[in-house]
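Here are some notes for a colleague who is coming to this structure without having seen it before. Please read them with the model open alongside.

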Amino acid sequence: MPVFNSRDKEYKSIISAIATDEKCKFRIIVPRDCRCSSASLAVTKDGESTVNYGMFWAGMCGDHHEYWELHFSATTAGLYFYHFELETPWGKSFVMHVGNGIGDFSALGTEFQQTVYDKKFQTPAFLKGGIIYQIFPDRFYNSGQKKKNVPSQRVMREWGEEPYWREEQMNGVWNNDYFGGDLKGVEEKLEYISSLGVSCIYINPIFEAHTNHRYDTADYEKIDSLLGSEQDLKSLCKTAEEKYGISIILDGVFSHTGCDSKYFNMYNRYNTLGAYNSRESKYFSWYKFVNYPTEYHAWWGIKLLPEVIEEDENYREYICGQNGILRKWLRCGIAGWRLDVADELPDIFLDDLRKAVKAEKDDAVIIGEVWEDATNKFAYGQRRRYLLGSQLDSVMNYPFADAILNFVRFGHGEHFFDAVMSVVENYPPQVLNILMNHIGTHDTERAITRLAGAENAGMGRCWQYEHNVLGTNDYLKGISMMKMASLIQFTLPGVPSIYYGDEIGMQGMKDPFNRACMTWDNQNQELLKWYKKLGQIRKGLKVLAEGEFVPVFCNHSVIAYERVGKDCSVLIAVNNEDCEAEVTVGDKWSNAYPVLDFKCENGVILLPPHRYTVLKIIN
């Protein structure tokens, strides 16, 4: 047995972040041969000095081991790191993290992490147990509504044509081809979206901008003319909520604007005095010029995207003020914000943003784009505090996405469980339950392509174009892999997020191939039927909203895990091997109700190659 296991309640009573003043019991199991005379928990709050807390001897564990225990709590939110120190006749010994939550005697181990969040921290309940659907608005559905005041230089395309990707197609202007998807189109397809069990729609940027992706905001106060009007957004929010119980979340891009905007106004499109036009501009303080006006800080060095100084008081008032941008659109009926590159927004801005959002609508959600573990991210010279209670409610869960896709493509169940349990351990439970669990987005290749297609790391657009469509056999294999990946996605802690078209088998390498028009007349019905079934399963199994995640079985590419609730529990077993597998899950699952195909008999599930099952028991 290990000396310590942070993922086992025999050793640690709370396997997650803890609230301030919440007591967590720590226990180590020490071999008697160590002749331990005293033990302590050595805790270091991030950036502070180490404090040792004495543990007490708590009796024997069999004939050859003994327990040492203590209860730990913290009065202030933050990131805490810990290990154990033992006094023995041979000197001091250290129990460190050696991987997978295991603590053992090692000079090469690392510190364990304990996140402590503010006990007042609450997250919106409306997302729990639901399903998110992500829409890239230009490519989802064109209602046919007449577009008004559309800039003449935009290139309008026929629905379903291949997005421009060659430089010569762009005519010197990138991302300038449009297909006319609009907000009315989203409203017209609400019945379809609802049929998937969706409870929330996240829409990529909709504010006026001069690219098809609209991450170069030109006017935060206006809906882009191709997408519709403010009234169209209000109508969408109202219809979605009242008729289908679906909430709408918008994309907020607050780390930069477009150079072709009313704020910067490089090309004099707007009748405003932009920062590029004059130092007297009311927007001048928003930007950091190096050599005025042609040299300035730009997002990732892209001159089309001048960076904003988010600390600037005028900018913060414009976005977060009483009549600022955040509140304006919340008043139109949206349910919250997804923040683009949230890890590039400074603390002072995120603090103000949360205050503004919650003051306007206390159950509105704030989801940040953070690609790594959001509890211990170190960025711009400091440790970030996104999930301690004063900034974000949730993040886009890239660690889970990688864990799912890598398991389905390559196997390695141990790696899967390690990645999942790392998030379970580090995140506050109220965050864990509303994590945005995607397996593909507008920033990644399509999930089916990542699963069954060629590896594209470092490959240019010409290569991606040549490998953009799967062969027949690979596509069929990809459909099977998508079913396995989505089952896992829908049953892990958090909220599954479907990128439009993934549910019908759309393919595509990275931008712009992953942003093609929704193929309404060419859908893989097998996969669509499967996604609808998953939506029904998720709606019927309330335990998936906040049930505890418990690993049960792992043998190479065969895994099983439970979601444990007060009233019922479910078990998910997956065989990702090429041969039949025996999955040992325990007698309590014998004769459990099979939500999917395969039953458990005598504590064992026999799963054919690349198959899976879901079982349910009443506790």
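This is a predicted model: local features need pLDDT of at least 70, side-chain atom pairs count only at pLDDT 80 or more; totals for chains, interfaces and linings use all residues.

1. Helix α8, which covers residues 398-410, packs with helix α9, covering residues 413-426, at an angle of about 165°, and their axes lie 9 Å apart. Because angles over 145 degrees count as roughly antiparallel, α8 is described as roughly antiparallel to α9, and the crossing in which α8 passes α9 is left-handed.

2. On the α8 side this contact is made by P399, F400, A403, I404 and F407, while α9 contributes G413, F416, A419, V420 and V423. Sorted by class, the residues of the contact are nine nonpolar and one polar, with no charged residue among them.

3. Two cavities of 30 Å³ or more are counted in the model, and the largest cavity has a volume of about 70 Å³. Its lining is made up of F136, R139, P163, Y164, M170, N175, D177, N212, R461, D511, P512 and R515, which divide into five nonpolar, two polar and five charged residues.

4. The second largest cavity holds about 30 Å³ of space and is lined by F26, L41, V43, F72, Y80, Y82 and Q114.

Terms used
Residues are numbered from 1 along each chain as its sequence is written. Side-chain values use heavy atoms; hydrogens and water are left out. Axes are lines fitted to C-alpha atoms, for helices over the stretch in contact, and angles run from 0 to 180 degrees between N-to-C directions. Helices (H or I, at least four residues) and strands (E, at least two) are DSSP runs, numbered from the N terminus. Angles under 35 degrees count as roughly parallel, over 145 as roughly antiparallel, 65 to 115 as roughly perpendicular and the rest as oblique. A crossing is left-handed if the near helix is turned anticlockwise from the far one by less than a right angle, and right-handed if clockwise. Contact means heavy atoms within 4.5 Å. Ala, Val, Leu, Ile, Met, Phe, Trp, Tyr, Cys and Pro count as nonpolar, Asp, Glu, Lys and Arg as charged, and the others, Gly among them, as polar. On a 1 Å grid over the protein atoms alone, a cavity is a set of points where a 1.4 Å probe fits but cannot get out, and a pocket is an open set with protein on both sides within 12 Å along at least five of seven lines; lining residues have an atom within 4 Å of a point. Grid points are joined across faces, edges and corners, and a volume is the space filled by probe spheres set on the points.
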